[in-house]
Amino acid sequence: MAISLAALLAVQSLGLKKSSLAETTSHQDIRWVAVTELEDPQRFLNGGELVLTTGLRMKSAPEQRRFVRQVQRAGAVGIGFGVGLTHDAVPPALVAEANRWGLPVVEVPYGTPFIAISKLVADAQSADHYSKLERLIAGHQILARALLTGGGLSELLKHLGGMLRTDIVLTQFTAELYNSGAAAPDAHSWASYPIPTGRRDACTLWVRQPFEDSGIIGYAQNLISVELNNMVKQRQAERALCGQVLEDVIHGTLDPSEATRRLAGTGINSTRKNVVLLAGSEAHHKQLVTSSLPRALEKAVTAVVGKDLITVIADDGRGATALARSLSDHLAEAGIHATIGIGGAYTKPNGLRWSYFEARDAASHGLPVNEPERLSLTSLLLASEDVPLADMANESLNPLRTFDAAHGAELMTTLESYLTNNGSVAAVAEALTLHRNTVRYRLAQITELTGYDPSVTADRVQLWLALAVSRLGSRHQG
């Protein structure tokens, strides 16, 4: 342990005597010993020193008082005045000035060399340094052991909080990965430490003040960073496995009992109502599928299906919207711009399948959070892998796309407008700023190229379905 002036006075072999009444800094640790005979030693002091002098240049009372003021302003813990050389006793003016400024003064007898005091302080400093180093190494071992023995982040942070004797919180954007029981941290009473991961899932370690950091926080930051990267890899693997099961359920390739069993293996209880949340992002799909989830969804089962992040929650539908919004906010905080589709709440594997297609259909509306609607005919047909709808749609529409590309025509645009406006030539002409005869001419071209006449109900349904399948399926390719 570092030594104080009060402790030095208690060392009988030194023979030190208290000269002043001041005790303000008597119990403060001495950082170092400075021996000086300068009239103004202030610029050579850093604060926390015990200043030793024989008063060689302090002949007059003004000089003695000035010396005290200079030492006190420098932040020294006290003065050790050596007697028996220049002065037979500690000068009264020096003691009076020290009392005035609250600076302790001790008398150092002639038989006690200054080096004996310096060595004692240095030994104490060295012992204190080694003691702190030993505690730091022991702390490193405790934190590493907590992580390596399977305790994970929570066990590591629990030990860290115990070492610092304060509260610990670990946040990841809007999610709280760990909280020792304290309220949400703030910038005023908490210290924040960024956790580098090299990914978009950066975290912040919050430590409630006051606390004393001996260097253990820096080591903890590195351990947390390693564990977070391990968690990302584990998350990827788990979501890939769950995705394989969900794809089999979605494609309808499993019988109900096998589907129930395999879903249970992923943590999904299909005997209860479940809701599918589908998050899609064309711009950030790679970051999306590895992203963390908000705390509200920490117990949900997540999977990757195609380019989409699927979250399955046990819910009767009443809490799904709030959970979808929390997911949207969390992803936005992480810089991931995604659309969230909400499915309906159903039991059984086939219900989960329906919820998926409802969520997928809802996500195609393009809002940050999209409420579920009645399952459309298009989505129901897409749910069957046995119906080659995508091929049928391309077969119907590709002749129009090819013609448009070759001639700069707008047959696809005209067809979409015609179907949207319920077959009204006048409405299409107004919407596209065309003459009605031009619209009729284009409709005739569509009939000639596709073999389907948009004015005939059966053919119109075929073309509408082809466009709907094309729109819904394009964002899920790849």
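Reader: Hi! What is the strand order in the open sheet of five strands?
Author: Hello! In this predicted model, the order is S1-S5-S4-S3-S2, and the pairing is mixed.

Reader: Nice. Which strands stand at the edges?
Author: Strand S1 (17-18) and strand S2 (32-35) do. Each has a single partner strand, so one side of each is left without a neighbour in the sheet.

Reader: And in what sense do S3 and S4 pair?
Author: Strand S3, residues 49-53, and strand S4, residues 78-82, are paired in the parallel sense over four bridges. To see this pair in the structure, look for Val 51, which stands opposite Ile 79 in S4.

Reader: What holds strands of a sheet together, by the way?
Author: Strands pair through backbone hydrogen bonds, and they can be parallel or antiparallel.

Reader: OK, switching to Glu 107. Where is it found?
Author: Glu 107 is in strand S5, which covers residues 105-108.

Reader: Is Glu 107 buried or exposed?
Author: Glu 107 is buried, yet it has no salt bridge. Lys 17 is the nearest side chain of opposite charge, and it is 4.6 Å away. A salt bridge would need the charged atoms within 4 Å.

Reader: Which residues is Glu 107 in contact with, leaving aside its neighbours within four places in sequence?
Author: Glu 107 is in contact with Gly 15, Leu 16, Lys 17, Ser 19, Phe 81, Val 83 and Val 90.

Reader: New topic! How many aromatic pairs does the structure hold?
Author: Two. One is Tyr 346 with Trp 354, an edge-to-face pair with 6.2 Å centre to centre and 80° between the planes. Tyr 346 counts as partly exposed at 25% relative accessibility, and Trp 354 is partly exposed too, at 39%.

Reader: What about the pair of Tyr 356 and Phe 357?
Author: Tyr 356 and Phe 357 are also edge-to-face, with 5.0 Å centre to centre and 80° between the planes. Tyr 356 counts as buried at 6% relative accessibility, and Phe 357 is buried at 3%.

Reader: Let's zoom out. How many helices and strands are in the protein chain?
Author: There are 15 helices and 14 strands.

Reader: And is the chain spread out or compact?
Author: The protein chain is more spread out than a compact globule, because its radius of gyration is 39 Å, well over the 23 Å that the globule rule gives for 478 residues. Along its principal axes, the C-alpha trace spans about 125 × 55 × 35 Å.

Reader: How much of the chain counts as buried?
Author: Of the 478 residues, 46% count as buried.

Note on methods
Residues are numbered from 1 along each chain as its sequence is written. This is a predicted model: local features need pLDDT of at least 70, side-chain atom pairs count only at pLDDT 80 or more; totals for chains, interfaces and linings use all residues. Side-chain values use heavy atoms; hydrogens and water are left out. Rings of Phe, Tyr and Trp (its six-membered ring) pair if their centres lie within 6.5 Å; planes under 30 degrees apart count as stacked, over 60 as edge-to-face and the rest as tilted. Buried means under 20% relative accessible area, exposed over 50%, partly exposed in between (1.4 Å probe, protein chains only). Helices (H or I, at least four residues) and strands (E, at least two) are DSSP runs, numbered from the N terminus. Lys and Arg count as positive and Asp and Glu as negative; His and the chain ends are not counted. Contact means heavy atoms within 4.5 Å. Two strands pair if DSSP finds at least two bridges between them. The radius of gyration is taken over C-alpha atoms; the globule rule is 2.2 Å times the number of residues to the power 0.38.
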